[in-house]
Amino acid sequence: MLDALAPNFVILLLGRAIQGLGTGIALPLMFNIILEQVPADKIGLMMGFGNLITGVAPALEPTFGGLVINNLGWRYVFFFLMPLIILSFFLGLYDIQQKSNIVKIKPDFLSIVFIAVLFAGVIYDFSNLSSGKLLTNLFPIFIGLCSFGFLLGRSKKLAQPILHFEILKNKSFSVHLLGFLMIQLCSLGNAFLLPNYSWSTSLRLLLLVWLPCRLALSGH
């Protein structure tokens, strides 16, 4: 609602940041609910549905958003989402039950800072690669990698770290994780390149090229 009624870009950006925060909480929570409440013989099916949501949504979003913006205006993108959000909220209240005991865990503040610095350094570095200033670009990623090293060291000292890096010692898990990251890299790369190319030509080309490509990637 904040985005739909935003009077300027700052408020719109604030609303998007809140949405991003909510998504960051909702996605892990969704998989946790599946693993905790779904019968063992149906966990694979429901995990597939969960991944299908995260895969198909980015595939349909540019096409749906482009059609809505072209015909009604950008505010209606957010207005159309409101009924679905409200319906999901009440369905969750009705159907999702808290089966395990609630345990209060105090998050480690330093670990959160290290993660923030890591991602900030890496994102800033990659976003400025085209500038051609090698030394300037190496400094942020160096800071990010140092922060990652501090995060590894601190995680080993904590009884309940935010991230358990020991799981990466499992070879099967690491190989599947690498494959998943490569698919996401291709997907996000196309998510940036294809719309820019398509919008520079025509909306028809966007519908013909973008949607099939994104659906193919989400199917993987």
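Figure 1. Read along the sequence, the pattern is α-α-α-α-α-α-α. Helices (H or I, at least four residues) and strands (E, at least two) are DSSP runs, numbered from the N terminus. The model is predicted: local features need pLDDT of at least 70, side-chain atom pairs count only at pLDDT 80 or more, and totals for chains, interfaces and linings use all residues. Residues are numbered from 1 along each chain as its sequence is written, and side-chain values use heavy atoms, with hydrogens and water left out. Of the 220 residues in the protein chain, 20% are buried. Buried means under 20% relative accessible area, exposed means over 50%, and partly exposed lies in between (1.4 Å probe, protein chains only). Among contacts between residues at least 6 apart in sequence, 54% join residues at least 24 apart. A contact here means heavy atoms within 4.5 Å.

**Figure 2. The second largest pocket, with a volume of about 750 Å³**. Its lining is made of Gly24, Ile25, Pro28, Leu29, Asn32, Phe119, Ile123 and Leu163. Helix α1 (9–37) and helix α4 (109–127) each supply at least two residues of this lining. The most comes from α1, with five residues. By class, the lining has six nonpolar, two polar and no charged residues. Ala, Val, Leu, Ile, Met, Phe, Trp, Tyr, Cys and Pro count as nonpolar, Asp, Glu, Lys and Arg as charged, and the others, Gly among them, as polar. A pocket is an open set of points on a 1 Å grid over the protein atoms alone, where a 1.4 Å probe fits, with protein on both sides within 12 Å along at least five of seven lines; lining residues have an atom within 4 Å of a point. The volume is the space filled by probe spheres set on the points.

**Figure 3. Ser147 in helix α5 (residues 134–157)**. Ser147 is buried, with a relative accessible area of 3%. A polar atom of its side chain lies 2.5 Å from the backbone oxygen of Phe114. Not counting residues up to four places away in sequence, Ser147 touches Val113, Phe114, Ile115, Val117 and Leu118.

**Figure 4. Aromatic pairs, six by count**. Rings of Phe, Tyr and Trp (its six-membered ring) pair if their centres lie within 6.5 Å; planes under 30 degrees apart count as stacked, over 60 as edge-to-face and the rest as tilted. The ring centres of Tyr76 and Phe80 are 6.2 Å apart and their planes stand at 50°, so this pair is tilted. Tyr76 and Phe80 are four residues apart in helix α3 (residues 75–95), so about one helical turn separates them. Tyr76 is partly exposed, at 38% relative accessibility. Phe80 is partly exposed too, with a relative accessible area of 38%. Ring pairs link Tyr76, Phe79 and Phe80 into a cluster.

**Figure 5. Phe148 and Phe165, an edge-to-face pair**. Their ring centres lie 5.8 Å apart, with the planes at 85°. The pair links distant parts of the chain, 17 residues apart: Phe148 is in helix α5, and Phe165 is in the loop between α5 and α6 (171–199). Phe148 is partly exposed, at 30% relative accessibility, whereas Phe165 counts as buried, at 19%.

**Figure 6. Ile11 in helix α1**. Ile11 is partly exposed, at 26% relative accessibility. Leaving aside its neighbours within four places in sequence, Ile11 is in contact with Leu2, Asp3 and Ala6.

Conventions. A polar contact is a pair of N or O atoms within 3.5 Å; within protein, one must be able to donate a hydrogen and the other to accept it, and residues adjacent in sequence count only if both atoms are side-chain atoms.
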